[in-house]
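Please keep the sequence and the model in view while reading.

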Amino acid sequence: MSRHATNAELGQGRGVIEHYREYLPVSDSTPVISLGEGDTPLVHCPQLSTRVGHGCDVFVKNEGVNPTGSFKDRGMTVAVSNALGRGASALVCASTGNTSASAAAYAARAGISCAVILPAGKIASGKLLQAFVYGAKIVAIKGNFDDALRIVRELGERDAFAIVNSINPDRIAGQKTAAFEIVDSMGDAPDFHLLPVGNAGNITAYWAGYREYHARQKSTKLPAMIGFQAAGAAPIFYNRVIERPETVASAIRIGNPASWKQARAAIDESHGAIDIVSDEELGAAQTWLARHEGIFVEPASAASIAGLFKCCDSNKATCSFKKIPEGSRIVCTVTGHGLKDPNMIQKQTEELRPLAPIVSDIRRVLGL
């Protein structure tokens, strides 16, 4: 009988722990729970580059191709692996969607249970379906994400749950590997890094990754970190808790980010900025990116693209690219696949009307 090679032996789908083990809080005895996360494409985008001008190059770090369709898998592999190593038999998380999908998948992979606390009616259908199909125990509450996270903190203190939200430092440690991949691909850090900000764990993690690689002389510079919040859910921008955050971008509909202080430090230390984009700008950027660069992202992910446009076009931008240094390299992280939260686009498909199977009629509709 012939012997088939494993993924690790093939060098494919190794996962971020095996790839970046020396940078992560794991040991040789840690039971690695992986779905082959990481190694996501850094896509050069010529039309975005043209929008910026000045000989700049724009790249999109497409995290939507991770196993459950979002960047959360990077941190979840480390959090769940360490939880299992400590003897945990159950996971718990609060979620606006992506965390629940990722936690449920990695719990299933580990053979342990997962409880998800989420705000009723505030989670995209694609993400909710993922949590269900992976077998999570789901509890919907009459409240928002911040209420759900408060409950999770209390459960973690009193019950035998391992919390796998980004308040768990293992999550941040895993997510910083995206910065490592960017430097490894580009040969150095970019000049600017733009990304959505919700619970603020990702901007914190990227900055930690860039700083660590720089300290180890893997890069010669550090990027300016520029975060974008939805206008109706922008506590860091307004510097106050938003009691009732509202935005179509459910993944960043958060009024009191868990990593607020760390995100603020990342922005200040990197000489970056925090800004806001409207729901209308999110929708326009989501469509533009799909139609011009072939990358379909959920509305929250489009915050980095809408933010890039604002930096280029608006005098109200907190960071203007109108006088950006020639030849700058810009990375925009998009955090989740468009099929995670298709509601905005799905409404457009309702306008389709069937025609009779007659070529002349179809040619007329196609403008031929």
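## The six-stranded sheet

Six strands form an open sheet of mixed pairing, in the order β1-β2-β10-β7-β8-β9. Because β1 (42-44) and β9 (273-277) stand at the edges with a single partner strand each, one side of each is left without a neighbour in the sheet. From one strand to the next, the twist averages 25°. The model is predicted, so local features need pLDDT of at least 70 and side-chain atom pairs count only at pLDDT 80 or more, while totals for chains, interfaces and linings use all residues. Residues are numbered from 1 along each chain as its sequence is written, and side-chain values use heavy atoms, with hydrogens and water left out.

Helices (H or I, at least four residues) and strands (E, at least two) are DSSP runs, numbered from the N terminus. Two strands pair if DSSP finds at least two bridges between them. Strands of a sheet pair through backbone hydrogen bonds, either parallel or antiparallel.

## Pairing around β10 and β7

Strand β10 is joined to β2 by 6 bridges, and the two run parallel. Within this sheet, Asn62 has Val334 of β10 as its bridge partner. Strand β10 is also parallel to β7, with 3 bridges between them, and here His193 has Val331 of β10 as its partner. Of the 6 residues in β10, 5 are buried, which leaves the strand mostly covered (buried means under 20% relative accessible area, exposed over 50%, partly exposed in between, with a 1.4 Å probe and protein chains only).

Strand β7 (residues 192-196) pairs in the parallel sense with β8 (residues 224-230) over 5 bridges. His193 stands opposite Met225 of β8. Helix α9 (residues 177-186) packs on this sheet and touches β1, β2 (57-62), β7 and β10 (329-334); contact means heavy atoms within 4.5 Å. The direction of α9 makes about 135° with that of β2. Axes are lines fitted to C-alpha atoms, for helices over the stretch in contact, and angles run from 0 to 180 degrees between N-to-C directions.

## The four-stranded sheet

A second open sheet has 4 strands in the order β5-β4-β3-β6, with parallel pairing. Its edge strands, β5 (137-141) and β6 (162-163), each pair on one side only. Strands β3 (residues 90-94) and β4 (residues 113-119) run parallel and are joined by 5 bridges. Val92 is placed opposite Ala115 in β4. Helix α5 (residues 98-110) packs on this sheet, touching β3 and β4, and its direction makes about 175° with that of β3.

## Two helix pairs

Helices α5 and α6 (residues 125-133) pack at an angle of about 20°, with axes 8 Å apart. They are therefore roughly parallel to each other (angles under 35 degrees count as roughly parallel, over 145 as roughly antiparallel, 65 to 115 as roughly perpendicular and the rest as oblique). Asn98, Ser100, Ala101 and Ala104 of α5 meet Lys127, Gln130 and Ala131 of α6. By class, this contact has 3 nonpolar, 3 polar and 1 charged residues. Ala, Val, Leu, Ile, Met, Phe, Trp, Tyr, Cys and Pro count as nonpolar, Asp, Glu, Lys and Arg as charged, and the others, Gly among them, as polar.

Helices α10 (residues 201-215) and α12 (residues 260-269) pack at about 50°, with their axes 8 Å apart. That angle makes α10 oblique to α12. On α10 the contact uses Ile203, Thr204, Trp207 and Arg211, and on α12 it uses Gln262, Ala263, Ala266, Ile267 and Glu269. The residues in the contact of α10 with α12 are 5 nonpolar, 2 polar and 2 charged.

Thr68 lies in the loop between β2 and α4 (72-85). Its relative accessibility is 3%, so Thr68 counts as buried. Leaving aside neighbours within four places in sequence, Thr68 is in contact with Asp73, Ala101, Ser102, Ala105, Gln130, Tyr134 and Lys340. The C-alpha atoms of Thr68 and Gly336 are separated by 9.0 Å, although the two are 268 residues apart along the chain.

Arg153 belongs to helix α7 (residues 145-158). With a relative accessible area of 39%, Arg153 is partly exposed. Beyond its neighbours within four places in sequence, Arg153 contacts Ile163, Ile167 and Ala258.
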